[in-house]
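Hello,

Here is the structure I promised to pass on. My notes on what turned up in it follow below.

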Amino acid sequence: MRRLTLAYLRTESGAGLVLPVAAVAAVGLATSGYAIHYRDFVAAPIPVRLGGFIETLTVAGWVRALLMPVFFLVLGMQLKFELLRGELSGLRRLALPLVAALGGFVVPAALYLALALALHAPLSGWTVVCATDGAAALAMLTLTGPRLAASLRVLLVAVALIDNLAAMIADAVLAAGRLDRGMLAGAGLVLAALALLSRWRRAPFLFYAAGFVVVWGFALKSGLAPALAGLLCALTVPIGARRPGQESMLRYFMDSLHPYVAFAVLPLFVFTAAGFSLHHFHVSGLLAPQPLATMLAQVVGKPLGVFGLAAAAVSLKLARRPVGATWLEMLGVALIAGEGFTVSYFLAGAVGADAADATLRAAIFIASALAALAGGLLIDRTQRGRTAET
């Protein structure tokens, strides 16, 4: 496997161990005697004024609107690199991950919508169940399958990258209200300037950073999801090197930002988004229409889509099975892909679930845990079986 992919997987796996700790800490504080201090911290308003830019958001709001776009910027750059020079470059390499990701997007969405119609749940929450938390999923894969074929890790990363970006784009488009055309035009002009800047190989990095910030500001004021600005900016980063013999600018940007995103941005987002009081949570609430539809779509629909379409593609000879992987191991990876966790929390916030919505947040947490444990146990069992045979 290529070095960049290996480095990315190591960072993601390490960050995945931090995220559950952040979630447990948030729930613990929200349930403890310090609950009022936790809520005050998350909901504390922070006004920002820079020239003509004036905005006031809560701490949780700024983490979501300011920091999470950086996460999607890195996600977009990673997918761009893998498609052009990495493990997904070429139709033969891309075929299976693309089909698996398509199944992991369409099937859980369809299952959620069917259940929502039958149970009279909100239809707008379907994007929540399409997500895969790459960091948490890879951490589980590393813990339970340290000798697992590297091709399966690449498959899981590809499903997470493609489905997360697709879910975020769909959610941003569907959730967008009345947009400010002037601000959108401003964002488009700056993006065009960044695309032209990419032709100047020795352009100072400060120019890119300034451009990203301006696009983000326009997106925020336009009414469009700021996270979408991160993805669009990722498309403008050049793949080539600044000078002969140097590494790719895209790789340099990813290497520079990814550790901060993995070990600071994502844990901080989980800490501000996942907290709910167990005093206000009742198990019977999980049988309410939206939590029940969310859990079934994540735990059943997501793995069924990923494994079902991947198996069909291999059987029809449209794609090849990952080298060194068994069908049971592929099923284990598909189960772990149902671990939506951080990205599901992000998308749940976009459809109106706030920190007080304990039931929906608990449903996401429980569904992610069940998917991870089921996949982890299956992979651990297959690994033990291989060890016994040798």
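One aromatic cluster is formed by Phe-205, Tyr-208, Phe-212, Tyr-252 and Phe-253. Rings of Phe, Tyr and Trp (its six-membered ring) pair if their centres lie within 6.5 Å; planes under 30 degrees apart count as stacked, over 60 as edge-to-face and the rest as tilted.

Before the details, the ground rules. This is a predicted model, where local features need pLDDT of at least 70 and side-chain atom pairs count only at pLDDT 80 or more, while totals for chains, interfaces and linings use all residues. Residues are numbered from 1 along each chain as its sequence is written, and side-chain values use heavy atoms, with hydrogens and water left out.

**Aromatic pairs**

The structure holds 18 aromatic pairs. Phe-205 and Phe-253 are edge-to-face, because their ring centres are 5.4 Å apart and their planes stand at 75 degrees. This pair links distant parts of the chain: Phe-205 is in helix H8 (residues 205–222) and Phe-253 in helix H10 (residues 249–273), 48 residues apart. Helices here are DSSP runs (H or I, at least four residues), numbered from the N terminus. Phe-205 counts as partly exposed at 26% relative accessibility. Phe-253 counts as buried at 8%. The cut-offs: buried is under 20% relative accessible area, exposed over 50%, partly exposed in between (1.4 Å probe, protein chains only).

Tyr-208 and Phe-212 make a tilted pair, with centres 6.4 Å apart and planes at 50 degrees. Both lie in helix H8, four residues apart, about one turn of the helix. Tyr-208 and Phe-212 are both buried.

**Charges over rings**

The charged end of Arg-64 sits over the ring of Phe-346, 4.1 Å from its centre. Lys-221 lies over the face of Phe-53, 5.2 Å from the ring centre. The test: NZ of Lys or CZ of Arg within 6 Å of the ring centre and within 35 degrees of the ring normal.

**A buried helix**

Eight of the nine residues of helix H9 (residues 226–234) are buried, so H9 is largely enclosed by the rest of the structure. Among them are Pro-226, Leu-228, Leu-231 and Cys-233.

**Positive phi**

Most residues other than glycine have a negative phi. His-120 has a positive phi of about 65 degrees. His-120 lies in the loop between helix H4 (91–119) and helix H5 (134–144), and is exposed at 70% relative accessible area. Lys-317 also has a positive phi, near 60 degrees. Lys-317 is in the loop between helix H11 (289–315) and helix H12 (327–336), and counts as exposed at 74%.

Best wishes

How values were computed: Helix = DSSP H or I, 4+ residues; strand = E, 2+ residues; numbered from the N terminus.
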